[in-house]
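Please consult the sequence and coordinates alongside the text.

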Amino acid sequence: MVKYGDKIVDILLYAFMTGVMIITLYPFWTQVIISLDGGDAAHSTFKLFPSSISFDSYKLAFDFDALWVGYKNTILRTCLGVMISILATAITAYPLSKKDLPLNKWVTRFMLIQFIIGGGLIPNYLLIKYLGMYNTIWALVVPGMISTFNVIIMRNFFRSLPESLEESAMVDGAGFLRIFVRIILPLSMPIIATEALWVGVGHWNAWFDALIYTNDTNKEMLQLVLRRIIIQNNPTQFTDILAKLQEKNPYSGMQLQATVIMLSILPMLVVYPFIQKYFVKGIMVGAVKG
């Protein structure tokens, strides 16, 4: 039987989480409103719905060539970065999941030390330059391809799998590589999907490393294009597109900015529902067990 005090606690928790949800979602919803109705929404302090809906800014944004260049480069970076990171993380985590591996604890401690203490921006820049990766896609995906946090989470997930599966495969003559590819990886889809989401979102939103390690506009990432629009607000082509909107809307600058923001986050909103079912299972098992 539920006590009266428990009901009060539940009500307070639901009210608190509802408030957090509103605070989290309202900035996103504000950008949606401004992108559809910049004239009214730009100078309104609080607005839940646009007074009128217009897709003019979206139509004109498609004429912004730099936006598509950024999309192409960011999609390439995200896909390549996720594949390399997941492969490297899995190859590193699988041996560490074996408690009888020699120097297992020392290797883990060494990884934790470099996780806490970084090399610094200047040494990283010099290393990228001397390795010949400057102004290439490899400068953006190789340095961060292995995360200590992701390795530990995946290692714990591997440890949660029954050892009898590997023992049975060994009896049938399977080696470690075959066991890893044919048994371990297929059973690890929840944690793989979870970490792929983390890595993918990280690459999609990254801009600082692209700002440092690339200087070619043809290799510019989407977030740098967005940064130029919001902070500088003066790329030639963007100004031309903005002039077309100003005839209809005096607040078209904010409207076009909000439109580009919405276009930049749309792919992540589309991908997330397809891997959501793996997310909770992967993070819970990977974080608790092991």
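Helix α15 gives the most to the nonpolar patch, with 5 residues; helices are DSSP runs (H or I, at least four residues) numbered from the N terminus. The model is predicted: local features need pLDDT of at least 70 and side-chain atom pairs pLDDT 80 or more, whereas totals for chains, interfaces and linings use all residues. Residues are numbered from 1 along each chain as its sequence is written, and side-chain values use heavy atoms, without hydrogens and water.

**Nonpolar surface patch**
- The patch comprises Phe-28, Trp-29, Leu-48, Phe-49, Leu-266, Leu-269, Val-270, Val-271 and Phe-274, with about 870 Å² of accessible area together (Shrake-Rupley method, 1.4 Å probe).
- Patch members have over 30% relative accessible area and no salt bridge, and nonpolar side chains are joined within 5 Å.
- The elements giving two or more residues to the patch are α1 (4–36) and α15 (252–288).

**Packing of α9 and α10**
- Helix α9 (residues 163–171) packs with helix α10 (residues 176–187) at an angle of about 145 degrees, their axes lying 10 Å apart.
- Axes are lines fitted to C-alpha atoms over the stretch in contact, and angles run from 0 to 180 degrees between N-to-C directions.
- Leu-165, Glu-166, Ala-169 and Met-170 of α9 meet Phe-176, Ile-179, Ile-183, Ile-184 and Leu-187 of α10 (contact: heavy atoms within 4.5 Å).
- The residues of this contact divide into 8 nonpolar, no polar and 1 charged.

**Salt bridges**
- The count comes to 2 salt bridges, each a side-chain nitrogen of Lys or Arg within 4 Å of a carboxyl oxygen of Asp or Glu.
- Arg-77 forms one with Asp-209, with the closest N and O atoms 2.5 Å apart.
- Arg-77 lies in helix α4 (residues 65–96) and Asp-209 in helix α12 (residues 208–213), so the pair ties together parts 132 residues apart in sequence.

**Pro-143**
- Pro-143 lies in the loop between α7 (138–141) and α8 (148–160).
- Pro-143 touches Ile-128 and Trp-138, not counting residues up to four places away in sequence.

Methods
Nonpolar A, V, L, I, M, F, W, Y, C, P; charged D, E, K, R; others polar. Patch = residues over 30% accessible without salt bridge, like charges linked within 9 Å, V, L, I, M, F, W, Y side chains within 5 Å.
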